Structure formats: C-alpha cells, structure tokens
Amino acid sequence: MVAAPEQRASTTAFELIQGSLSSGRIARRSPLLGGLHRLMDGTLLGLIAAVAVLAGLTLHWQHRWTLAYRLLEATHTQAHRLTESTAVMEQHLLQRSQQPNSLVPTQVANLVHLDRPASHSLQPTTPSPMVSFQELGDQPIRSGY
C-alpha cells in the first residue's frame, strides 16, 4: 500500500501538466481564453519558424562573405607577390646591364610615338595550301602591329 500513493502522486502531477497545456479544456470553460491560447501557440510557432529562417539566411550569407573575403585575400597576396617579383626582376636587370645610368625612368615626355604603318602593308598575304614551310620562312616579316 506504500507504492500506491507514489504512483498516485506522479499520475496527478502528469495530469496537472497535461491539463494546464491543453487548450481544449480551457476553450470549453472560456472560449475567449481558449482563442487567446491558440493565438499565442500560433504566434510562438511562427516566431520559431522566423528565427529558424533568419538563422539559416545568416549562416548562408556569412559563408558567402567568408568565401569572398578569402578570394580578396588571395588576390591581395597575388598582387603583392607580383609587385615583389617585378621589383626583383628590375633589380636583376639593373645589376646585369652594362650602363645602368643610361636608363631613363619612364615618363610621358620620354615616350616615342610611332605612326601607324601604311594600310597596304597591313593586309595579310594568304599563302596557298600547297606552300611548303621553307617558302613560308623565306617571306619577309611585315612591320607594324
């Protein structure tokens, strides 16, 4: 008989929890309170769904931003390496040249403008399909672009 009151106490606690969460019993007693209970349940479910959607979008855009930032860092690193390698090549050329003092820094005033070649020399000569490679090598190289 000692076991019966413990079972009765746990059953009563379960019934109390189930009774407090059921909207059916409340709706029969007070329809207004039951409607408010359903409204709050729907609002809570909608809020949970909205938070889940926003969390998913946040994770998606954070991932996209991370990928874009990695590409930006890689581009920055490559640009830095290119600048360094250009500087190393310039130093190498300056050291190997016989007259490094004769080199002039590039400026607009130092540029030389070349006129465009005549239009008749720009027209390509189309070799016939039967022309040999030896004949192609004997043709003069056209000047211009």
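Q: Why does Tyr69 count as partly exposed?
A: In this predicted model, Tyr69 has 38% relative accessibility. Buried means under 20% and exposed means over 50%, with partly exposed in between, so Tyr69 counts as partly exposed.

Q: Why does Trp65 count as exposed?
A: The relative accessibility of Trp65 is 57%. The cut-off for exposed is over 50%, and Trp65 therefore counts as exposed.

Q: What makes Trp65 and Tyr69 an aromatic pair, and why is the pair called stacked?
A: The structure holds 1 aromatic pair. In that pair, Trp65 and Tyr69 lie 5.2 Å apart centre to centre, with 10 degrees between the planes. Rings pair if their centres lie within 6.5 Å, and planes under 30 degrees apart count as stacked; both conditions hold, so Trp65 and Tyr69 form a stacked pair.

Q: Why are Trp65 and Tyr69 separated by about one helical turn?
A: Both belong to helix α3, and they are 4 residues apart there, which means a separation of about one helical turn.

Q: What makes Leu33, Leu36, Leu39 and Met40 a nonpolar patch?
A: A patch takes residues with over 30% relative accessible area and no salt bridge, and nonpolar side chains such as Leu and Met are joined within 5 Å. Leu33, Leu36, Leu39 and Met40 form such a patch on the surface, with about 390 Å² of accessible area together. Leu39 has its place in helix α3 (residues 31–96).

Q: How many helices and strands are there in the protein?
A: There are 5 helices and 0 strands; along the sequence the pattern reads α-α-α-α-α. Of the 145 residues, 3% are buried.

Q: Where is confidence lowest, and where is it highest?
A: Helix α1 (residues 3–21) is lowest, at a mean of 57, and α3 is highest, at 92. The protein averages a pLDDT of 76.

Methods: Residues are numbered from 1 along each chain as its sequence is written. This is a predicted model: local features need pLDDT of at least 70, side-chain atom pairs count only at pLDDT 80 or more; totals for chains, interfaces and linings use all residues. Side-chain values use heavy atoms; hydrogens and water are left out. Patches are made of residues with over 30% relative accessible area and no salt bridge: like charges are joined within 9 Å, nonpolar side chains (Val, Leu, Ile, Met, Phe, Trp, Tyr) within 5 Å. Accessible areas come from the Shrake-Rupley method with a 1.4 Å probe; for residues, only the protein chains shown count as cover. A salt bridge is a side-chain nitrogen of Lys or Arg within 4 Å of a carboxyl oxygen of Asp or Glu. Helices (H or I, at least four residues) and strands (E, at least two) are DSSP runs, numbered from the N terminus. Buried means under 20% relative accessible area, exposed over 50%, partly exposed in between (1.4 Å probe, protein chains only). Rings of Phe, Tyr and Trp (its six-membered ring) pair if their centres lie within 6.5 Å; planes under 30 degrees apart count as stacked, over 60 as edge-to-face and the rest as tilted. pLDDT is the predictor's confidence in each residue, from 0 to 100.
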